[in-house]
Every structure is written in C-alpha cells, then in structure tokens.
Amino acid sequence: MIDFNDLITSQLFYKYKRNSMGIFDFYFNSLYSVNFLIYSGLSVLLKEIKNINFFRYFKKLNEIGFLDKDFLNYIKTYKFKGDLYSFEDGEAVGLKTPLLKIIGKPHECQLLKSIIKNTIVYSSF
C-alpha cells in the first residue's frame with residue numbers, strides 16, 4: 001500500500017532530481033513516555049520491497065490523471081536499487097535513534113516511505 005502523496009512527491013523527485021542521491025532516516029515518534037522500543041517488521045519490509053509491483057495499479061493510476069506518462073512507465077517496472085540499513089527484528093532501539101536508513105535516488109526512496117511506515121514504524125513498540 002502506498003500513499004498517493006508519496007506518489008506525487010516521488011514524481012516530483014523523478015522529474016527534477018532524477019540523478020541526485022538522497023538519505024532518508026526513519027524515526028519512531030512515541031505518544032507514550034517510553035525511552036526505547038522493540039524493533040519489528042524488517043523481514044516483512046524486505047519481502048514487500050522485493051515484491052513491490054505498481055503494474056497492477058497502472059490502469060487506475062493512469063485513469064486518475066495526476067501522474068505523468070513518463071513517471072507511470074517508470075513505476076510500472078520499479079525495483080529499488082538503493083541501500084537499506086536497519087536494526088534486526090527484536091532489538092531494543094532508543095527513540096532518538098533512526099530505525100532505518102535508506103540511501104538512493106530520492107524518487108526511489110520516496111516510493112518506499114508508506115511501506116516503511118506501515119511495516120516498521122507501526123509494528124515496532
């Protein structure tokens with residue numbers, strides 16, 4: 001599942017910053033007064049990244065009309081080519097420590113943002 005805002009942002013990165021590199025750090029923001037969390041979701045995230053497939057949504061995204069044809073053709077065959085650094089599932093992590101870091105082209109990293117939130121941030125506590 002991907003947030004439409006992440007698609008739009010990724011398209012802008014693709015259009016204007018296609019050849020640049022970016023670093024995305026993901027932190028956990030707690031509503032509770034805790035100092036650490038138990039990291040979880042890495043195995044699910046890696047599976048999601050490996051199996052990501054926008055082709056099944058291509059027709060609907062094309063019908064919506066917000067995305068350029070060039071970008072739609074790009075995500076049709078999207079595969080993440082960047083680097084991912086992470087803790088292992090089950091490790092205790094301090095709240096001010098990045099849970100996960102991805103390095104790559106900003107448009108590639110942005111497409112993973114929703115997936116990371118849904119698998120790492122929401123499953124770690």
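What percentage of the 125 residues of the protein chain count as buried?

Modeller: This is a predicted model, and in it 36% of the 125 residues of the protein chain count as buried. The chain holds five helices and five strands. Their order along the sequence is α-β-β-α-α-α-β-β-β-α. The radius of gyration is 15 Å, close to the 14 Å that the globule rule gives for 125 residues, so the chain is as compact as a globular protein of that length. Along the principal axes, the C-alpha trace spans about 45 × 25 × 25 Å. Among contacts with a separation of 6 or more, 80% are made by residues 24 or more positions apart.

Now the core. The largest nonpolar core has 31 residues, and I75, I102 and L112 have the most contacts inside it. At least two residues of this core come from each of α1 (4-16), β1 (22-26), α2 (42-51), α4 (69-76), β5 (100-104) and α5 (106-121). Helix α5 gives the most, with six residues.

Q110 lies in helix α5. Its relative accessible area is 5%, and the limit for buried is under 20%, so Q110 counts as buried. Leaving out residues up to four places away in sequence, Q110 touches D6, T9, S10, F13 and F24.

I103 lies in strand β5. Its relative accessible area is 23%, so I103 counts as partly exposed. With residues up to four places away in sequence again left out, I103 touches M21, G22, I23, F80, G82, D83, Y85 and C109. I103 and I49 are 54 residues apart in sequence, and their C-alpha atoms are 14 Å apart in space.

The protein chain exposes about 7,800 Å², of which carbon and sulfur atoms supply 56%. There are 17 positive and 12 negative side chains. The centres of these two sets lie 6 Å apart.

Technical notes
Residues are numbered from 1 along each chain as its sequence is written. This is a predicted model: local features need pLDDT of at least 70, side-chain atom pairs count only at pLDDT 80 or more; totals for chains, interfaces and linings use all residues. Side-chain values use heavy atoms; hydrogens and water are left out. A nonpolar core is a set of buried Ala, Val, Leu, Ile, Met, Phe, Trp, Tyr and Cys residues joined through side-chain atoms within 4.5 Å. Buried means under 20% relative accessible area, exposed over 50%, partly exposed in between (1.4 Å probe, protein chains only). Helices (H or I, at least four residues) and strands (E, at least two) are DSSP runs, numbered from the N terminus. The radius of gyration is taken over C-alpha atoms; the globule rule is 2.2 Å times the number of residues to the power 0.38. Contact means heavy atoms within 4.5 Å. Accessible areas come from the Shrake-Rupley method with a 1.4 Å probe; for residues, only the protein chains shown count as cover. Lys and Arg count as positive and Asp and Glu as negative; His and the chain ends are not counted. The place of a charge is taken as NZ of Lys, CZ of Arg, CG of Asp or CD of Glu.
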